[in-house]
Every structure is written in C-alpha cells, then in structure tokens.
Amino acid sequence: MAEGEIIYLDNNATTQLDPAVIEEMLPFLTKYYGNPSSGYGFAATARKAINLARERLAALLGCQATEIIFTSGGTESNNAVINSALIDVRGKRVVTSSVEHSAVLRPCQDLAKRGCDVTFLGVDRHGNLDLAELEAAIRPGTPLVSIMWANNETGVVFPIEEIAEICREKRVLFHTDAVQATGKIPMRLRDSPINFLSLSAHKFHGPKGVGALYVSRQTRFSPLIAGGGQENGRRGGTENVASIIGLGKAAEVALKYLAEGKCNVRSMRDRFEKSVLEAVSGASVNGAGAARLPNTSSLLFEGIESASALLLLDRQGICCSAGSACRTGSQEASHVLRAMNPSSDGARRSLRFSVGRFNTDAQIDRAIEVVPKVIDKLRQSAAPAPVATAL
C-alpha cells in the first residue's frame, strides 16, 4: 500500500464512481447537452441514452423498462410512494419498521402528526422482524406497508418476498426501500408481488443525486412532482441526463458482477470480521443471527466510545462509521441498534465497516492490523488509574 493511502470501508454511505461510469457520463456533460424533451435530432441523442439507461436498470431489477421512473435519489423515491398511497390520511393506517432509514421514518412520523395511524414494528436482538406481528398489524384501512430490503447500518436483510406476498394476500400495496440492496443481491421483480421499490445510484458505484422508483405496471401511482410531463407524466422536471446515464452504466456493471459471481466482497468482509473478532475480546457482530448483506459488518466493542474510535481510525486513514451517514454529527445514538437492544449502550460502542469491490486484500490486511490496536488503545485510556496505597 502507498503511504497515506485512504482505506475506504464506508461503502454503505456512498461508493467510488466506477471509471466506466465516468467515461459514459462525460460526453453528456460536454458534447451532447441537448434537452431530451426537444424535438430535433441533437436532443434525440440524449433521449436515446436515457432509454438505454432505463433498459439497463430494468435488466438489473428484472422488470420492464416502462416500470422505472428516474428521480433524484432514494429519499425522493420513498417520499413519492408515501405521498401517492396516502394523499388523504384520514382514517388510514401505515405499517413500517422501527429500523427504517430516516427517508421513510420521517415521512411516516409526519403522517402520524397529520392523524394517520402509523405502526412502527419492532425487531429482535438480531434485527429480525416478526412476520406474524407484521401480518396482524395490517388491518382494514391500511393502504401501504413499507419495509426496507436491507438495513443500512447492520446489513440485516428482511424476507421481502414473503412480506410482499403477505401484503398481496391482504390486498395492500407494498413498498421496499432497496437503496442498500440494489446491486448487491439478485432481484427479479417481474416475478414478485412488490408494488414499489426505491434505489439510489451512488450506493452501487454510480453518481450522487440520481435514483429511481420502480412502480409495477399493475399499480396506480400519483406523482409527487408535477411539471412538464417528463418520465411519462410521472415525475416532472428536466431529466438529469448525464447522471441517469451513469446510473444505467452502474446498473449494467453491477449486473455483470452479480451474474459472474466474481466479486470478492463477501470473502473480504468475512476475513476482516473473523480476524477482528479473534483479536479483540468483548467484540461481537450486530445482526449475527440474521441474514446479512455480503459487504456489511457492524461490530460492537465493549469498553469504547464509537466517536473516539472513529477519530483514531481516521488518523490512520481508515474510513468507517458509527451508523448512517445521514446521522453524522448527531449526538443521538443509532435508532437501529437501540431498537435491537433497548437496554444496552451498544449503540454508542459500535462501528460499521462496509466493503466495496474497489477495496483490496492489502487494505483489508491493514484494517485487520489497525482496528484491534485502536480498540486496545481506547480501552487502556479509559481504564481507571491504579490507587496508590500508603506504606
């Protein structure tokens, strides 16, 4: 490794742009700058490129291209679904989980303030949902259930197909925030009862500020943003052409890695996790008893404060987090980890490491060397000084 090299282990916060994505975007930032809604041939170049991006994303998701709406990202997509399903909140009920991303939690909390009955389902100590509890929560007057596909902090994967089937049987719309799952696990939406799915390009090596919303062709949808009729009248505003093209390319590359099974992200994560657990006493995995994303390791370290650990790791060039990047700077401990163990202070003693395909074995080796030393240093500094005794 080069001296001063950054070891980026925070790929659940954002990912490095794939060079192939940059290469495909550049012409549409310089040469092909036409508005895709214009009627002349110069603009048609942008329009055709957007159509190709839609087809590439559809291939990754296993759906039809016409079922994809391009948005500014996961947050907009989530809000668009909730707004569409609950235009009138009176007498309505929404079911979601207590460990959702703030892009779902906050809109649902706002619904509750407006008189909507919102059920926030709890999880067990491993982060698992009780599907019987979920089914019981779906009562008459429930237009929407929203459950994330994979948790951004722990990597815990929910049984989305089972949940979607429960909702189908109850004749309730089902939405999943798949921002963390897209590009990491295979999807085939054409065979699924999922009605809505949200995603964001920058989580799978695409650009920031662009995402998409999948809306099943059998599902009614009312736009959040009205305007000039773009996206077949489902999302107003001139398209972010270069970024949409980047999203499409990132989807194509992600599908290639999933299909070929050549990505060694899981093996790097497992090796890192196993080595740190062996080297550090009092360390454990948050979500160990649940299915998890192949790249995510949320580790609890007894006897430390995560904020102090982050500072020391940063000085060693290691980037990780204590939870969601959207909460950075907040003094509040992770709502996800508190939901998993309300009586524990583990939420303040945990670190999230998330591997990406641009990480190397050498970087993992370095992290395995540094992390135990940082934990040991923090524990020593926190240990009480020995009491002097009189002779």
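## Gly39 and its loop

Gly39 sits in the loop between helix 2 (27-30) and helix 3 (41-61). Helices here are DSSP runs of H or I with at least four residues, strands are runs of E with at least two, and both are numbered from the N terminus. At 78% relative accessibility, Gly39 is exposed; the word exposed stands for over 50% relative accessible area, buried for under 20%, and partly exposed for what lies in between (1.4 Å probe, protein chains only). From Gly39 to Gly62 there are 23 residues along the chain, and their C-alpha atoms are separated by 31 Å.

A word on the source: this is a predicted model, in which local features need pLDDT of at least 70 and side-chain atom pairs count only at pLDDT 80 or more, while totals for chains, interfaces and linings use all residues. Residues are numbered from 1 along each chain as its sequence is written, and side-chain values use heavy atoms, with hydrogens and water left out.

## The chain as a whole

The protein chain holds 13 helices and 12 strands. For 391 residues, a compact globule would have a radius of gyration near 21 Å, and the 22 Å of the protein chain agrees with that. This radius is taken over C-alpha atoms, and the globule rule is 2.2 Å times the number of residues to the power 0.38. Along the principal axes, the C-alpha atoms fill a box of roughly 95 × 55 × 35 Å.

Of the 391 residues in the protein chain, 55% are buried. Contacts (heavy atoms within 4.5 Å) also tell us about the fold: among those between residues at least 6 apart in sequence, 73% join residues at least 24 apart.

## Surface and charge

The accessible surface of the protein chain is about 17,700 Å², and carbon and sulfur atoms account for 51% of it. Such areas come from the Shrake-Rupley method with a 1.4 Å probe; for residues, only the protein chains shown count as cover.

The protein chain carries 44 positive and 40 negative side chains, and the centres of the two sets are 4 Å apart. Lys and Arg are the positive ones and Asp and Glu the negative ones, with His and the chain ends not counted. Each charge is placed at NZ of Lys, CZ of Arg, CG of Asp or CD of Glu.

## Aromatic pairs

A pair of aromatic rings is described by the distance of the centres and the angle of the planes. Rings of Phe, Tyr and Trp (its six-membered ring) pair if their centres lie within 6.5 Å; planes under 30 degrees apart are stacked, over 60 edge-to-face, and the rest tilted. How many aromatic pairs does this rule give? The count is four. One of them joins Phe28 and Tyr32, a tilted pair with 5.5 Å centre to centre and 45° between the planes. Phe28 is buried at 15% relative accessible area, whereas Tyr32 is partly exposed at 26%.

The rings of Phe196 and Phe221 have centres 6.4 Å apart and planes at 55°, so this pair is tilted. The pair links distant parts of the chain, 25 residues apart: Phe196 lies in strand 7 (residues 196-200), and Phe221 in the loop between strand 8 (211-215) and helix 8 (230-233). Phe196 is buried, with a relative accessible area of 0%, and Phe221 is buried at 16%.

## Two residues with positive phi

His205 is not a glycine, yet has a positive phi of about 70°. You will find His205 in the loop between strand 7 and strand 8, where His205 is buried at 6% relative accessible area.

Glu231, again not a glycine, has a positive phi of about 50°. Glu231 belongs to helix 8 and is buried, with a relative accessible area of 7%.

Ala150 is in the loop between strand 5 (144-146) and helix 7 (160-169), and is buried at 2% relative accessibility. Leaving out residues up to four places away in sequence, Ala150 touches Val156, Val157, Asp177, Gln180, Ala181 and Leu293. Leu293 is 143 residues from Ala150 along the chain, with 7.1 Å between their C-alpha atoms.

Ile318 is part of strand 11 (residues 318-319) and is buried, with a relative accessible area of 2%. Which residues does Ile318 touch, not counting those up to four places away in sequence? They are Ile7, Leu9, Leu313, Ala367 and Val370. Asn128 is 190 residues from Ile318 along the chain, and their C-alpha atoms are separated by 30 Å.
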